[in-house]
Amino acid sequence: MPANQSGAAPLNSPRPIPPTTSDEARAVAREADGSWRIIAGLWAVLVFIPLLLGGWILHGVLGQVAAATCQAIARDLERAARRLLHRSHPSHAAVRELQTAMAEAGATGSGPVRLPPPADPRASQAVIHRLQEFFATGRPLDTTALLRVRHRLGWAFNPMVTREHPWIPEEIRWNGRPAWLVWAPGPGRTTASLVIAQPPPVADLLRAACQTSFEQGRWEWLVIDRASRRWWGSRALAADLRPLLAGSRQRPRGWLPTPHALTLLESVDRTTRLALRAALPWPVRAETHAWLWFGLAMAGVAATLVFPRLCRRYLTWSLRWKLLGLLAYLILVPLAGGLLLGCSFLDARRLSLEQQGLDDALAELERYDASFLQYLRTLEIRLDRFHAAVATGRAGPATLTAPLAALIRAVGPDRLVLLDRGARLLFDHCSTFRYEALMNEVGTAILQQHLEPYPPDQDRPAIAPRFKLIHDTLMNSAWGSHYQVEGALQRFTHGGQTFYTYWRRFPRRHPSLGLLAADFFHDPTVRAFFARHRPGGTAGRLLVWHRRSRTWYPARPAGLDDLEALVEAADRRGEAVRGEVDQPDGPTLAIALPGHRLRGCVLVSLLAPERQPRPLAGRRQLLGVGAGLALAVALACWLLLAQGILDPIREILAGIARLRRLDTAHPIPVMGDDELATLARGINRMMTISDELDLARVVQRAFVPAHLPPLSRVRAAFWESSRLGVGGCFFDWYPGPDGTWVFLLGTAPGQGIRAALLLAMVKALAFLHFREGRPPGEFLRRAREALPALGLTQACCSLALVHLDERGPSVTVMAAGAPFALWRRGAQDEACFVGQPTSPLGAATAVDPEPIRLELAAGGGLLLFTHGLVNAPDPEGKPWGHDALRALFSRPIVPQTGELAGSGTTDDPLRPLREAFQRHVRGGEQGKEGMFLLERVEGPPA
C-alpha cells in the first residue's frame, strides 16, 4: 500500500529520490571521447593517409599507362595506314597485271603485251614493239627510235635504266595520263613480257584495301576523295565528315584527337585523304581521372562507415592475427605502392629509351647521308691527282690508256673525255647511262670552246655548226654555268635527275693535252659509294633503299612489306618517319629518312635490341622477384616477431592461470630484458605474496556470518560476488537492545590486503560497540571518528546500517557514502529510492547521516546494495544501472501464500536479482558486488 494511503505516516517519512548519474555520465562520456579520439587517429593513419597516397600513386600510374596506351594505339594506326597506302599503290596493280598476263600466256614463244586503249594505235604499236625488242635483245635504240619512245612514254622515261630492273614498275605518261610500265623476261631468250597499266584512282584502290583489312570492324575508316567530293567508310565516322574535311584542308596529315578516340588523318595525294579512328580504352579516357577520385572518395566514405566496427572486431582478434594485420598494413601497402611506382618508372624509362634510341639512329642516318659529300670530295681529289700526274709528266696520249682505265675503275664516272690542244677527242669513256649523260654533243661543244683562248700552233679545225648553235644557246643555262667552273665537282638537277660535272685544263706548255672532263650520273655514283662504304651503325642496323631500282643495301632485309611501307611513307612525306616493323625476332622500332645528299634514296635504321626497351623486361622481372623476396622477408620477420612475442605471452598467461589456481610452485620463466620479461618478473613477485593474499582472503571470508539471525516476521537474505580473490565487500549482523537487530553492509575501495584490513578494522569496531550495548545510531559516528585517528587522509569506506524492529515491523536506515536504498512498502507498491547523499567514512567534511525510518507492509521490502552492483558493465561497457535494479525489485517477491512468486523456491529470495545481474555481466564480476534484502512475510517464519 502506498505511504499516503496508510493509517499513520511513519516518523521521518522518506521522499523518493532518483539516483544521481552525473558522475557515471561524465565517466562514460570521457571513455567514449577517448575511444573516438583513438578511432579518429587510427582512421587518419589507416584510411585517410593511405587513400591520399594511393590516389596520388594511381593518378601518376594512370597517366603513365594512358601515355603508353595512346602511344601504342597511335603506332598501330600509323602502321596500318602505311600498310594500306603501300598495298593500294598503283605500281602494285601493274605488277599483278603482268603476273596475270604471263600466267595466261603460258609457255608460248613470245612474251605477252598488254596495253590500255591507245589514242594512235599504229604509232603506239610500233613504239611498243620496238621497246619490247629492246627489252628482249638488249640492242641499243637508235636516235630516232629513242626519241619516239621517250616522246610516247614521257621524256623522264629512260629505257636503259628500266631494262636493268625487270619487275620494277616505272611511272610513265600514256595518252596524257599517268600509267605504269613493268616488264619481265619472257620464256625465251629473245622474248619479253610488257604491261602498261592505268589503274583506277587511288581512292578506289584504297577503299578496296580498307574493306579487305577491316572486315572484322576493328577500327573505323574513311576514304575521302575531294576531287569527286565522295567518301567511303564507316557510318560512325561519316558523322564527323565535315570536321575531317575541314581539318584536311588545314593540314594534310596529323592527328584529330577526341575525348574517346584517336583519329589519324593521312594525305595520299592532292585529292585523297585516309582517316583511321581507334576507340580509346576506358582507363585512358580523360573522365577516368575524375572517376578515380570519386571512387576513392566513395571508398573513403565506406571505409569510414565500417571502420569503427572493424576496429572493434580487430580488438577481438588474437594477438597473432593482430600482428598479421599490422604486417599487412606496414609491409604490403608500402610494397604495393612501391610496385606501382616501379612499374610507372619502367614505363617512363621505356618511353625515354625509345625516344633516345630513335634520336641516336636519326643522327647516324644524317651522318651517313652527309658522308656522301666526303666521298664526292675523294672523287675530286682523284681527278686532281690524275691531272697533276699527267700535267707534270708530259705523257703522250698513247701512254694514258692504262692510267685512265685505273681511274675509271676507281672513280666510276658516267663519261670521261680527254681533248688535245686542237680540240680533238683523244679519249672517250661512256657508261650505260650515256643517254642521260650531259657530256654528249652539247657538253663536248662547250668544252671545246674553252680551248679557244689557247690556240695551238697549227690551225684548229672548224667547229660543226650545230655545236656552235648549241654553245651559243646553252652557254648561260644551267649546264653551261656549271661548265664555267674549273677544277670543282659541280652538282645540279635537271629533269628529276642529279648530275655532277668536272673539268680542268692542262698547262699551256703541255705539248699534247689540252683538257680533261668528266661527268658523273648520280645513280652509279651512289652505288659506288654503297660498295665502298657499307652502311652500319651503333644505334641500329643501317639500310639504304634506292628508289629507282627498289634495291636494298647492303642486303635484302626481312619483313619487307613493313619496311617498304615505311620508306614509301618517308619518301612521300619528304621527312623522317618513325614506326614499328615486323622482324624475325619480333616487332622492331625503325626510322626512315629521305636522303638529302643521297638523292633518290631512303635511309632506314632498325633499332638494335639492346637499344630497345626489351632489357626493361629483365628489370621488370627483377622488380617482381624483389617484391617477392621483400614479402618473404616480411613474412619471416612476422614469424620471428610473433614467436618472440607470443611465446612469452603464453608463459605469462599460463603463470596467471596457475596464480588463479593458487599454484605458486612454478614461476614464469624469464627470457630477455624487455617489457614482457619485466611483466613476468612482476607476476613472479606477485606469486611470492600469495600466502599473504590467502590470509587476506580468509580474513575477508570471515567477515560474512555463517548464518542469518532467526527472525519471525521478516526474512533476511544476503548475496555477494563469488569471484576468486580479495575484494572489498563487508556484511555483518548483531543483536540490538530490546530484541531488535542491526545489519551492516559496506565496501572498501580497491582490492587486496588494504581493503581486507580496512574492513577488519570496521568489523572490530562493530564488535566492540555492540558488545558494550551501545545504541546503533552512534556506531557510524564512532567509526567516522576512529578512521581519521589512524592517519587516513581520504575517504576509505562506505557503510549502511539497518536497525530492524520486528514489532512494527519497521526499519531505520543510516548510510555513510552508500548508494540509495530501494524500498517497497507493500506487495502492490512501486519501489523507490530513499536516502540522501552523504560523505563516506574517512572524509574530511563528514556529517552524521540522518536516520530514515521505514514501515514494511505485507510483501514489502528493503534492498541495500553496493556501488559495484549498479556500476557493473556488460561486455560492451554498458553499466547495469539503477533503473534495471528498481524495475526488478518492483515485482512482488514474497506472495501471500509464503512462496516466492516467479522463483519456484523459498530458500533464495535474491535469486531473480542475482540471475538478472549475472546475465548482464556474463561472468564479468569484480568481487565488490553485494545485496542485502529484508522482506516482510505473513505466516510462520521459514
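In which helix is histidine 86 found? The exercises below work on a predicted model, in which local features need pLDDT of at least 70, side-chain atom pairs count only at pLDDT 80 or more, and totals for chains, interfaces and linings use all residues. Residues are numbered from 1 along each chain as its sequence is written, and side-chain values use heavy atoms, with hydrogens and water left out.

**Exercise 1.** Locate histidine 86, decide whether the residue is buried or exposed, and list its contacts beyond its sequence neighbours.

*Solution.* Step one: histidine 86 is found in helix H1, residues 22-87, where helices (H or I, at least four residues) and strands (E, at least two) are DSSP runs numbered from the N terminus. Step two: buried means under 20% relative accessible area, exposed over 50%, and partly exposed in between, with a 1.4 Å probe and protein chains only; histidine 86 counts as buried because its relative accessibility is 7%. Step three: with neighbours within four places in sequence left aside, histidine 86 is in contact with His92, Asp561, Glu564, Ala565 and Glu568, contact meaning heavy atoms within 4.5 Å. Step four: glutamate 564 lies 478 residues from histidine 86 in sequence, yet their C-alpha atoms are 7.4 Å apart.

**Exercise 2.** Describe how helix H10 packs against helix H15, and classify the contact residues.

*Solution.* Step one: H10 (residues 319-393) and H15 (residues 522-532) pack at an angle of about 105 degrees with axes 11 Å apart; axes are lines fitted to C-alpha atoms, for helices over the stretch in contact, and angles run from 0 to 180 degrees between N-to-C directions. Step two: H10 is therefore roughly perpendicular to H15, a term that covers 65 to 115 degrees. Step three: the contact includes Tyr368 and Phe372 of H10, and Phe529 and Arg532 of H15. Step four: by class, the contact has nine nonpolar, three polar and one charged residues, where Ala, Val, Leu, Ile, Met, Phe, Trp, Tyr, Cys and Pro count as nonpolar, Asp, Glu, Lys and Arg as charged, and the others, Gly among them, as polar.

**Exercise 3.** Give the strand order of the open sheet of five strands, and explain why S20 and S26 stand at its edges.

*Solution.* Step one: the order is S20-S29-S28-S25-S26, with antiparallel pairing; two strands pair if DSSP finds at least two bridges between them. Step two: S20 (714-720) and S26 (832-834) stand at the edges because each has a single partner strand, so one side of each is left without a neighbour in the sheet. Step three: S25 (residues 821-824) pairs with S26 over three bridges, and tryptophan 823 stands opposite cysteine 832 in S26.

Terms used: Parallel < 35°, antiparallel > 145°, perpendicular 65-115°, else oblique.
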